[in-house]
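User: I would like to learn how to read a fold from its model. Please take me through it feature by feature.

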Amino acid sequence: MNFAERVERVSPSATVSISNAASELEADGVDVVDLSVGEPDFPTPENVVRAGKEAIDDGYTGYAPSPGVPELREEIAEKLRADGLDCGPENVLVTPGGKQALYELFQTLVDDGDEVLLLDPAWVSYEAMAKLAGSTLQRVDLAPYDFALEPALPDLAEAVSNDTSLLVVNSPSNPTGAVYSEDALRGVRDLAVEHDITAISDEIYKEIAYGTEATSLGSLSGMAERTITLNGFSKAYSMTGWRLGYFAGPEDPLRPVRRGRSAPKHRRRRSGDARGLPRAPGHAV
Ligand SMILES: Cc1ncc(COP(=O)(O)O)c(C=O)c1O
């Protein structure tokens, strides 16, 4: 079988390799502390488990509308407003996990030859997604600054070029756990505005921060129109296997993502109809 050239751009995930190695050792009875995959060490909360079971019993098993169930988008928008974002349900798209959200975003926001800026060390999947989208990577190493962003702002300014189209900010950061200060994020804002750069603010670990609160980049003045905020349920609610994430941003960049998703398979009968169950709210055809 022949494979597309683009798959060759991506190396196997280091996280998955380490996780597989840990599983093999565990199968051999070795006591392993596995720090590879970001799997919270608490179970999905009981009320969430119960609601999930009830929803399945109630027939919510069909395709949801492609942007997500309206009530969920409404609730997500409310959470994001509490984070300081100017956000309504129309700004939110629900995805099968944050990773899928990022894939869709890179495919939508980045062209061949564009430069994507990462703050290093960065979550391994950004690199794969940037390469799949045909972009090149610029990295700003935070290690010499004890993983803080503020002292690295001059390096960031130097790394920006005319080809930079996207900057990924992940606070709290995977893998370092660093939470970037508001001053540091203001510095990022100034650069993004000056060079007309779009930012992805990956806030998947926002709810797992100790003794501090991570500022949402999109809440800073001048950033609402150029920031896509990404989050999900995997880490905050230990729902990694449920595959539920979302992103939110100004409507313009969301439009092409919606277009890509509006395949005919999403237009089907409402869930529940076949069993004479009440229609699942929000499952519009
Ligand atoms: C920094 C970061 N962003 C996004 C994700 C995506 O998480 P999920 O696809 O489970 O929503 C992960 C998962 O480990 C992550 O570490």
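User: Where is Pro-175 found?
Analyst: Pro-175 is found in the loop between E4 and helix H7 (182-195). Keep in mind that this is a predicted model.

User: What kind of peptide bond joins Asn-174 and Pro-175?
Analyst: Start with the general idea. Most peptide bonds are trans. Here a cis bond joins Asn-174 and Pro-175, with omega about 20°. A cis peptide bond also joins Asp-120 and Pro-121, where omega is about -5°. Pro-121 sits in the loop between strand E2 (115-120) and helix H5 (124-132).

User: How should I read phi? What is phi of Asp-146 near?
Analyst: Most residues other than glycine have a negative phi. Asp-146 has a positive value, near 55°. Its place is in the loop between E3 and helix H6 (153-159). Ser-238 is also positive, with phi near 50°. Ser-238 lies in the loop between E6 and E7.

User: Does Asp-146 count as buried or exposed? And what does Ser-238 count as?
Analyst: Count C-beta neighbours inside 10 Å. Asp-146 has 9, so it counts as exposed. Ser-238 has 18, so it counts as partly exposed.

User: Now the overall layout. How many helices and strands does the protein chain have?
Analyst: The protein chain has 8 helices and 7 strands. Of its 285 residues, 31% count as buried. Take contacts between residues at least 6 apart in sequence: 67% of them join residues at least 24 apart.

User: In what order do the strands form the sheet?
Analyst: The order is E1-E7-E6-E5-E4-E2-E3. The sheet is open, and its pairing is mixed. Strand E1 (92-95) and strand E3 (136-141) stand at the edges. Each has a single partner strand, so one side of each is left without a neighbour in the sheet. On average, neighbouring strands are turned by 20° against each other, direction ignored.

User: Which sense of pairing, parallel or antiparallel, joins E1 to E7? What about E4 and E5?
Analyst: E1 and E7 run antiparallel, joined by 4 bridges. Within that pair, Thr-95 has Gly-245 in E7 as its bridge partner. Strand E4 (residues 164-170) and strand E5 (residues 198-202) pair in the parallel sense, over 5 bridges. There, the partner of Val-169 is Ser-201 in E5.

User: Which helix lies across E1?
Analyst: Helix H3 (residues 70-82) does. H3 also lies across strand E6 (227-232) and strand E7 (245-248). Its direction is at about 115° to E1.

User: What is Val-92 in contact with?
Analyst: Leave aside neighbours within four places in sequence. Val-92 then contacts Gly-68, Arg-73, Ile-76, Ala-77, Cys-87, Tyr-246 and Ala-248.

User: How do I find the nonpolar core? Which residues touch the most other members?
Analyst: In soluble globular proteins, nonpolar side chains tend to be buried together. The largest nonpolar core here has 53 residues. Val-92, Leu-105, Phe-106, Val-168, Tyr-246 and Phe-247 touch the most other members. Helix H4 (residues 98-109) gives the largest share, 5 residues.

User: Next, the ligand. How many residues surround the ligand?
Analyst: There are 13. The closest are Gly-97, Gly-98, Lys-99, Gly-232 and Ser-234. Sort the shell by class: 2 nonpolar, 9 polar and 2 charged residues.

User: Where is the place of Ser-234? And what does Ser-234 touch?
Analyst: Ser-234 lies in the loop between E6 and E7. Ser-234 counts as buried because it has 22 C-beta neighbours inside 10 Å. Not counting residues up to four places away in sequence, Ser-234 touches Gly-97, Gly-98, Ile-204, Met-239 and Thr-240. Ser-234 and Ile-204 are 30 residues apart in sequence, yet 7.8 Å apart in space, C-alpha to C-alpha.

Methods. Residues are numbered from 1 along each chain as its sequence is written. This is a predicted model: local features need pLDDT of at least 70, side-chain atom pairs count only at pLDDT 80 or more; totals for chains, interfaces and linings use all residues. Two strands pair if DSSP finds at least two bridges between them. Helices (H or I, at least four residues) and strands (E, at least two) are DSSP runs, numbered from the N terminus. Axes are lines fitted to C-alpha atoms, for helices over the stretch in contact, and angles run from 0 to 180 degrees between N-to-C directions. Two residues are in contact if their C-beta atoms, placed from the backbone, lie within 7 Å. A residue is near a molecule or strand if its C-beta atom, placed from the backbone, lies within 6 Å of it. Ala, Val, Leu, Ile, Met, Phe, Trp, Tyr, Cys and Pro count as nonpolar, Asp, Glu, Lys and Arg as charged, and the others, Gly among them, as polar. A nonpolar core is a set of buried Ala, Val, Leu, Ile, Met, Phe, Trp, Tyr and Cys residues joined through C-beta atoms within 7 Å. A residue is buried if 20 or more other C-beta atoms lie within 10 Å of its own, exposed if 12 or fewer, and partly exposed in between; C-beta atoms are placed from the backbone.
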